[in-house]
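Trainee: I am new to this structure and would like to learn how to read it feature by feature. Could we begin with what the record lists and then turn to the fold?

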Amino acid sequence: MATRVVYSFDKNRKVEESYKFTLPQLYRKIALEELREDDVVREQALTKMREWIVSNPHIRKCRVDTPFLLRFLRFRKFSVPLACEALEQYLTVREMYPSWYKNLDWNDPEMRRVQENMGISVLGQDSAGRTVVFMQLIHMERTPFTPLQIGRFLYLLLEALLEIEEVQIGGITTLLDYSDISTKLYEGWGATELKIIFDGLTRFYPVQYQEIHASSVPKVTISFIEYMLTFVSPKLKEKIHCHATVDKLKELMEPAMTPQAYGGSVDLDELNKKFWERFEQQYEGFALGLDKFEVDLDHYSALWSKANPDMTEAKSFKKLNID
(Lines give C-alpha, C1' and ligand atoms only; values in the text may rest on other atoms or scores of the structure.)
Protein backbone atom coordinates (compact mmCIF):
# COMPACT_ATOMS: atom_id res chain seq x y z
CA MET A 1 0.00 0.00 0.00
CA ALA A 2 1.25 3.48 -0.85
CA THR A 3 2.24 5.85 1.91
CA ARG A 4 -0.79 7.78 3.15
CA VAL A 5 -0.62 11.42 2.02
CA VAL A 6 -1.70 14.30 4.25
CA TYR A 7 -1.57 17.65 2.46
CA SER A 8 -0.64 20.91 4.16
CA PHE A 9 -2.60 24.13 3.61
CA ASP A 10 0.09 26.39 5.06
CA LYS A 11 1.18 28.35 2.01
CA ASN A 12 4.27 29.64 3.79
CA ARG A 13 5.73 26.24 4.55
CA LYS A 14 8.97 25.28 2.87
CA VAL A 15 8.31 22.70 0.17
CA GLU A 16 10.92 20.01 0.47
CA GLU A 17 9.51 17.21 -1.67
CA SER A 18 11.56 16.39 -4.74
CA TYR A 19 9.35 15.74 -7.77
CA LYS A 20 10.32 13.03 -10.22
CA PHE A 21 8.47 12.26 -13.41
CA THR A 22 7.69 8.56 -13.08
CA LEU A 23 4.96 8.04 -15.68
CA PRO A 24 5.49 5.95 -18.86
CA GLN A 25 7.26 7.55 -21.80
CA LEU A 26 3.93 8.13 -23.54
CA TYR A 27 3.01 10.77 -20.96
CA ARG A 28 6.41 12.44 -21.11
CA LYS A 29 5.88 12.75 -24.88
CA ILE A 30 2.35 14.18 -24.46
CA ALA A 31 3.55 16.58 -21.78
CA LEU A 32 6.32 17.93 -23.97
CA GLU A 33 4.45 18.11 -27.28
CA GLU A 34 1.04 19.27 -26.03
CA LEU A 35 1.72 21.02 -22.72
CA ARG A 36 5.26 22.36 -23.29
CA GLU A 37 6.40 20.57 -20.14
CA ASP A 38 9.91 19.35 -19.47
CA ASP A 39 11.95 19.10 -16.28
CA VAL A 40 13.33 22.63 -16.49
CA VAL A 41 10.05 24.32 -17.42
CA ARG A 42 8.24 22.42 -14.68
CA GLU A 43 10.60 23.41 -11.89
CA GLN A 44 10.74 27.04 -12.95
CA ALA A 45 6.95 27.29 -13.20
CA LEU A 46 6.40 25.60 -9.83
CA THR A 47 8.81 28.02 -8.18
CA LYS A 48 7.14 31.07 -9.72
CA MET A 49 3.64 29.89 -8.87
CA ARG A 50 4.56 29.16 -5.25
CA GLU A 51 6.15 32.60 -4.94
CA TRP A 52 3.01 34.19 -6.35
CA ILE A 53 0.75 32.33 -3.88
CA VAL A 54 2.95 33.25 -0.90
CA SER A 55 3.00 36.92 -1.89
CA ASN A 56 -0.74 37.08 -2.61
CA PRO A 57 -2.41 38.56 0.51
CA HIS A 58 -5.85 37.48 -0.70
CA ILE A 59 -4.99 33.77 -0.62
CA ARG A 60 -4.59 32.88 3.05
CA LYS A 61 -4.48 29.09 3.09
CA CYS A 62 -3.62 27.01 0.06
CA ARG A 63 -1.89 23.80 -0.96
CA VAL A 64 1.48 24.51 -2.59
CA ASP A 65 2.53 20.89 -3.08
CA THR A 66 3.62 19.86 -6.56
CA PRO A 67 0.68 17.59 -7.46
CA PHE A 68 -1.85 20.32 -6.70
CA LEU A 69 -0.07 23.13 -8.56
CA LEU A 70 0.54 20.89 -11.56
CA ARG A 71 -3.23 20.62 -11.99
CA PHE A 72 -3.32 24.27 -13.01
CA LEU A 73 0.05 24.53 -14.74
CA ARG A 74 -0.70 21.59 -17.01
CA PHE A 75 -4.21 22.89 -17.64
CA ARG A 76 -2.76 26.20 -18.84
CA LYS A 77 0.25 24.70 -20.64
CA PHE A 78 2.68 26.14 -18.12
CA SER A 79 1.69 29.75 -18.54
CA VAL A 80 2.16 30.81 -14.91
CA PRO A 81 -0.13 33.90 -15.11
CA LEU A 82 -2.95 31.82 -16.61
CA ALA A 83 -2.41 29.01 -14.10
CA CYS A 84 -2.61 31.51 -11.24
CA GLU A 85 -5.80 32.94 -12.69
CA ALA A 86 -7.29 29.44 -12.95
CA LEU A 87 -6.35 28.76 -9.31
CA GLU A 88 -8.05 31.98 -8.19
CA GLN A 89 -11.23 31.05 -10.05
CA TYR A 90 -11.21 27.59 -8.50
CA LEU A 91 -10.71 28.91 -4.97
CA THR A 92 -13.32 31.64 -5.42
CA VAL A 93 -16.08 29.40 -6.78
CA ARG A 94 -15.61 27.08 -3.81
CA GLU A 95 -16.21 29.99 -1.44
CA MET A 96 -19.07 31.47 -3.45
CA TYR A 97 -20.98 28.19 -3.70
CA PRO A 98 -20.20 26.16 -0.57
CA SER A 99 -23.33 24.00 -0.83
CA TRP A 100 -22.05 22.68 -4.15
CA TYR A 101 -18.30 22.51 -3.59
CA LYS A 102 -17.69 21.98 0.12
CA ASN A 103 -18.10 19.07 2.51
CA LEU A 104 -17.58 16.57 -0.30
CA ASP A 105 -17.38 13.65 2.10
CA TRP A 106 -16.93 10.30 0.38
CA ASN A 107 -18.02 8.56 3.58
CA ASP A 108 -21.34 10.41 3.73
CA PRO A 109 -24.19 7.91 3.17
CA GLU A 110 -25.85 10.16 0.60
CA MET A 111 -22.65 10.51 -1.43
CA ARG A 112 -22.18 6.75 -1.33
CA ARG A 113 -25.74 6.22 -2.53
CA VAL A 114 -25.18 8.55 -5.48
CA GLN A 115 -21.95 6.78 -6.41
CA GLU A 116 -23.54 3.34 -6.24
CA ASN A 117 -26.56 4.28 -8.34
CA MET A 118 -25.47 7.00 -10.75
CA GLY A 119 -23.84 4.76 -13.35
CA ILE A 120 -20.46 6.51 -13.67
CA SER A 121 -17.27 4.47 -13.98
CA VAL A 122 -13.63 5.36 -14.63
CA LEU A 123 -12.58 2.64 -17.07
CA GLY A 124 -8.88 3.52 -17.02
CA GLN A 125 -6.33 4.90 -19.48
CA ASP A 126 -6.49 4.02 -23.17
CA SER A 127 -3.55 3.52 -25.52
CA ALA A 128 -3.50 7.26 -26.29
CA GLY A 129 -3.04 8.08 -22.60
CA ARG A 130 -6.54 9.44 -22.11
CA THR A 131 -8.60 8.52 -19.07
CA VAL A 132 -11.94 7.08 -20.16
CA VAL A 133 -15.00 7.94 -18.07
CA PHE A 134 -18.13 5.96 -18.89
CA MET A 135 -21.69 6.86 -17.93
CA GLN A 136 -24.92 4.88 -18.31
CA LEU A 137 -27.64 7.47 -17.86
CA ILE A 138 -30.44 4.95 -17.34
CA HIS A 139 -29.10 4.45 -13.81
CA MET A 140 -29.81 8.09 -13.02
CA GLU A 141 -33.38 7.70 -14.23
CA ARG A 142 -33.97 4.58 -12.15
CA THR A 143 -32.72 6.25 -8.98
CA PRO A 144 -33.54 9.96 -9.32
CA PHE A 145 -31.23 12.50 -7.73
CA THR A 146 -31.51 16.26 -7.36
CA PRO A 147 -29.27 18.50 -9.47
CA LEU A 148 -27.41 19.44 -6.28
CA GLN A 149 -26.69 15.80 -5.44
CA ILE A 150 -25.48 15.09 -8.96
CA GLY A 151 -23.34 18.21 -9.12
CA ARG A 152 -21.69 17.48 -5.78
CA PHE A 153 -20.83 13.93 -6.80
CA LEU A 154 -19.41 15.07 -10.14
CA TYR A 155 -17.20 17.61 -8.35
CA LEU A 156 -16.02 14.90 -5.95
CA LEU A 157 -15.18 12.72 -8.95
CA LEU A 158 -13.19 15.53 -10.58
CA GLU A 159 -11.24 16.10 -7.37
CA ALA A 160 -10.34 12.41 -7.37
CA LEU A 161 -9.38 12.38 -11.04
CA LEU A 162 -7.23 15.49 -10.75
CA GLU A 163 -5.07 13.76 -8.15
CA ILE A 164 -3.99 11.40 -10.96
CA GLU A 165 -1.11 12.66 -13.09
CA GLU A 166 -2.27 10.66 -16.11
CA VAL A 167 -5.47 12.71 -16.04
CA GLN A 168 -3.62 16.01 -15.70
CA ILE A 169 -1.51 15.22 -18.76
CA GLY A 170 -3.63 12.99 -20.99
CA GLY A 171 -7.01 14.47 -20.23
CA ILE A 172 -10.40 12.77 -20.25
CA THR A 173 -12.52 11.06 -22.87
CA THR A 174 -16.18 10.74 -21.85
CA LEU A 175 -18.53 8.05 -23.16
CA LEU A 176 -22.26 8.52 -22.56
CA ASP A 177 -24.85 5.81 -23.15
CA TYR A 178 -28.34 7.36 -23.38
CA SER A 179 -30.10 4.06 -24.18
CA ASP A 180 -33.68 3.75 -22.90
CA ILE A 181 -33.88 7.06 -21.04
CA SER A 182 -36.95 9.32 -21.10
CA THR A 183 -37.73 12.93 -20.24
CA LYS A 184 -38.20 11.80 -16.64
CA LEU A 185 -34.43 12.01 -16.23
CA TYR A 186 -34.51 15.80 -16.56
CA GLU A 187 -37.47 16.57 -14.34
CA GLY A 188 -36.60 19.35 -11.92
CA TRP A 189 -33.67 20.66 -13.96
CA GLY A 190 -33.72 24.37 -14.74
CA ALA A 191 -31.41 26.98 -16.22
CA THR A 192 -29.87 27.89 -12.87
CA GLU A 193 -28.88 24.33 -11.99
CA LEU A 194 -27.50 23.67 -15.45
CA LYS A 195 -25.50 26.90 -15.40
CA ILE A 196 -23.88 26.12 -12.06
CA ILE A 197 -23.09 22.49 -12.89
CA PHE A 198 -21.73 23.04 -16.38
CA ASP A 199 -19.67 26.06 -15.35
CA GLY A 200 -18.16 23.99 -12.57
CA LEU A 201 -17.38 21.07 -14.85
CA THR A 202 -16.05 23.06 -17.79
CA ARG A 203 -14.79 26.41 -16.44
CA PHE A 204 -13.67 26.19 -12.84
CA TYR A 205 -12.03 22.77 -12.63
CA PRO A 206 -8.72 22.46 -14.50
CA VAL A 207 -9.80 19.51 -16.64
CA GLN A 208 -8.79 18.81 -20.23
CA TYR A 209 -11.73 17.18 -22.01
CA GLN A 210 -10.36 15.48 -25.11
CA GLU A 211 -13.51 13.96 -26.61
CA ILE A 212 -17.13 13.40 -25.59
CA HIS A 213 -19.13 10.66 -27.30
CA ALA A 214 -22.87 10.17 -26.78
CA SER A 215 -24.88 7.30 -28.20
CA SER A 216 -28.52 6.23 -28.54
CA VAL A 217 -30.06 9.59 -27.66
CA PRO A 218 -33.88 9.11 -27.69
CA LYS A 219 -35.81 11.58 -29.84
CA VAL A 220 -37.98 12.62 -26.89
CA THR A 221 -34.93 13.99 -25.07
CA ILE A 222 -33.15 15.70 -27.95
CA SER A 223 -34.71 19.11 -27.35
CA PHE A 224 -33.62 19.12 -23.71
CA ILE A 225 -30.10 17.96 -24.55
CA GLU A 226 -29.86 20.73 -27.15
CA TYR A 227 -30.89 23.14 -24.39
CA MET A 228 -28.18 21.70 -22.13
CA LEU A 229 -25.60 22.39 -24.81
CA THR A 230 -26.37 26.11 -24.67
CA PHE A 231 -24.42 26.09 -21.40
CA VAL A 232 -21.33 24.58 -23.05
CA SER A 233 -18.57 26.65 -24.63
CA PRO A 234 -18.17 26.57 -28.43
CA LYS A 235 -14.71 25.03 -28.02
CA LEU A 236 -16.08 22.13 -26.01
CA LYS A 237 -19.01 21.64 -28.41
CA GLU A 238 -16.50 20.88 -31.15
CA LYS A 239 -15.36 17.87 -29.14
CA ILE A 240 -18.84 16.37 -28.78
CA HIS A 241 -19.81 13.54 -31.12
CA CYS A 242 -23.23 11.86 -31.27
CA HIS A 243 -23.81 8.32 -32.54
CA ALA A 244 -27.03 6.54 -33.45
CA THR A 245 -26.23 3.29 -31.64
CA VAL A 246 -24.12 2.08 -28.76
CA ASP A 247 -21.93 0.10 -31.16
CA LYS A 248 -19.69 3.14 -31.64
CA LEU A 249 -19.08 3.35 -27.90
CA LYS A 250 -18.05 -0.29 -27.91
CA GLU A 251 -15.51 0.50 -30.63
CA LEU A 252 -14.06 3.27 -28.48
CA MET A 253 -13.65 0.94 -25.49
CA GLU A 254 -10.38 -0.92 -25.77
CA PRO A 255 -10.62 -4.63 -24.83
CA ALA A 256 -9.02 -4.26 -21.40
CA MET A 257 -11.57 -1.66 -20.33
CA THR A 258 -14.79 -2.95 -21.90
CA PRO A 259 -17.58 -3.71 -19.37
CA GLN A 260 -19.24 -7.11 -19.27
CA ALA A 261 -22.58 -5.71 -20.45
CA TYR A 262 -20.85 -4.47 -23.61
CA GLY A 263 -19.07 -7.69 -24.49
CA GLY A 264 -15.96 -7.31 -22.35
CA SER A 265 -14.72 -8.72 -19.07
CA VAL A 266 -14.75 -5.68 -16.76
CA ASP A 267 -16.97 -5.91 -13.68
CA LEU A 268 -18.02 -2.28 -13.17
CA ASP A 269 -19.04 -2.76 -9.54
CA GLU A 270 -15.62 -4.13 -8.67
CA LEU A 271 -13.87 -1.50 -10.78
CA ASN A 272 -15.71 1.33 -9.02
CA LYS A 273 -15.00 -0.14 -5.60
CA LYS A 274 -11.26 -0.28 -6.29
CA PHE A 275 -11.20 3.23 -7.75
CA TRP A 276 -12.67 4.85 -4.64
CA GLU A 277 -10.78 2.63 -2.20
CA ARG A 278 -7.56 3.91 -3.73
CA PHE A 279 -8.25 7.44 -2.54
CA GLU A 280 -9.49 6.46 0.88
CA GLN A 281 -6.32 4.44 1.42
CA GLN A 282 -3.80 6.83 -0.09
CA TYR A 283 -5.09 10.30 0.78
CA GLU A 284 -6.24 11.68 4.11
CA GLY A 285 -9.66 13.17 3.36
CA PHE A 286 -8.61 13.87 -0.23
CA ALA A 287 -11.67 16.02 -1.03
CA LEU A 288 -13.05 16.89 2.39
CA GLY A 289 -9.68 18.34 3.33
CA LEU A 290 -9.99 20.93 0.58
CA ASP A 291 -12.39 22.84 2.82
CA LYS A 292 -9.26 24.12 4.58
CA PHE A 293 -8.63 26.57 1.72
CA GLU A 294 -9.09 30.16 2.83
CA VAL A 295 -9.29 33.32 0.72
CA ASP A 296 -10.28 36.95 1.20
CA LEU A 297 -13.88 36.50 0.07
CA ASP A 298 -14.67 40.24 0.13
CA HIS A 299 -11.89 40.86 -2.37
CA TYR A 300 -12.71 37.96 -4.66
CA SER A 301 -16.49 38.27 -4.52
CA ALA A 302 -16.25 41.80 -5.88
CA LEU A 303 -14.08 40.64 -8.78
CA TRP A 304 -16.31 37.61 -9.26
CA SER A 305 -19.49 39.68 -9.52
CA LYS A 306 -18.00 41.76 -12.34
CA ALA A 307 -16.58 38.79 -14.24
CA ASN A 308 -19.55 36.43 -13.70
CA PRO A 309 -22.79 38.45 -13.52
CA ASP A 310 -24.91 35.46 -14.55
CA MET A 311 -23.35 33.24 -11.87
CA THR A 312 -23.86 35.91 -9.23
CA GLU A 313 -27.54 36.00 -10.11
CA ALA A 314 -27.69 32.22 -9.85
CA LYS A 315 -26.25 32.36 -6.35
CA SER A 316 -29.34 34.20 -5.13
CA PHE A 317 -31.66 31.48 -6.40
CA LYS A 318 -33.16 30.33 -3.11
CA LYS A 319 -34.31 26.89 -4.22
CA LEU A 320 -30.70 25.75 -4.52
CA ASN A 321 -30.00 26.00 -0.81
CA ILE A 322 -26.75 27.85 -1.41
CA ASP A 323 -25.07 29.06 1.76
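Predicted model: local features only at pLDDT ≥ 70, side-chain atom pairs only at ≥ 80, totals over all residues.

Trainee: In what order do the strands of the open sheet stand?

Mentor: Strands of a sheet pair through backbone hydrogen bonds, either parallel or antiparallel. Here 5 strands form an open sheet with mixed pairing, and the order is 2-3-4-5-6. From one strand to the next, the twist averages 20°.

Trainee: In which sense do strand 5 and strand 6 pair?

Mentor: Strand 5, residues 209-215, pairs with strand 6 in the parallel sense over 4 bridges, and serine 215 stands opposite histidine 243 of strand 6. Helix 8 (residues 147-161) packs on the sheet, where it touches strand 2, strand 3 (131-136), strand 4 (172-177) and strand 5, and its direction makes about 15° with that of strand 2.

Trainee: Is glutamate 165 buried or exposed?

Mentor: Burial is judged by relative accessible area, and buried means under 20%. Glutamate 165, which lies in helix 9 (residues 165-170), has a value of 17% and is therefore buried. Its side chain makes a polar contact of 2.9 Å with the side chain of arginine 74, and the residues that glutamate 165 touches, leaving aside those up to four places away in sequence, are Tyr19, Leu23, Leu70 and Arg74.

How values were computed: Residues numbered from 1 in each chain as written. Heavy atoms only, no water. Pairing = 2+ DSSP bridges. Helix = DSSP H or I, 4+ residues; strand = E, 2+ residues; numbered from the N terminus. Axes fitted to C-alpha atoms, helices over the stretch in contact; angles between N-to-C directions. Contact = heavy atoms within 4.5 Å. Buried < 20%, exposed > 50% of the residue type's maximum accessible area, 1.4 Å probe, protein only. Polar contact = N/O pair within 3.5 Å; in protein donor to acceptor, adjacent residues only side chain to side chain.
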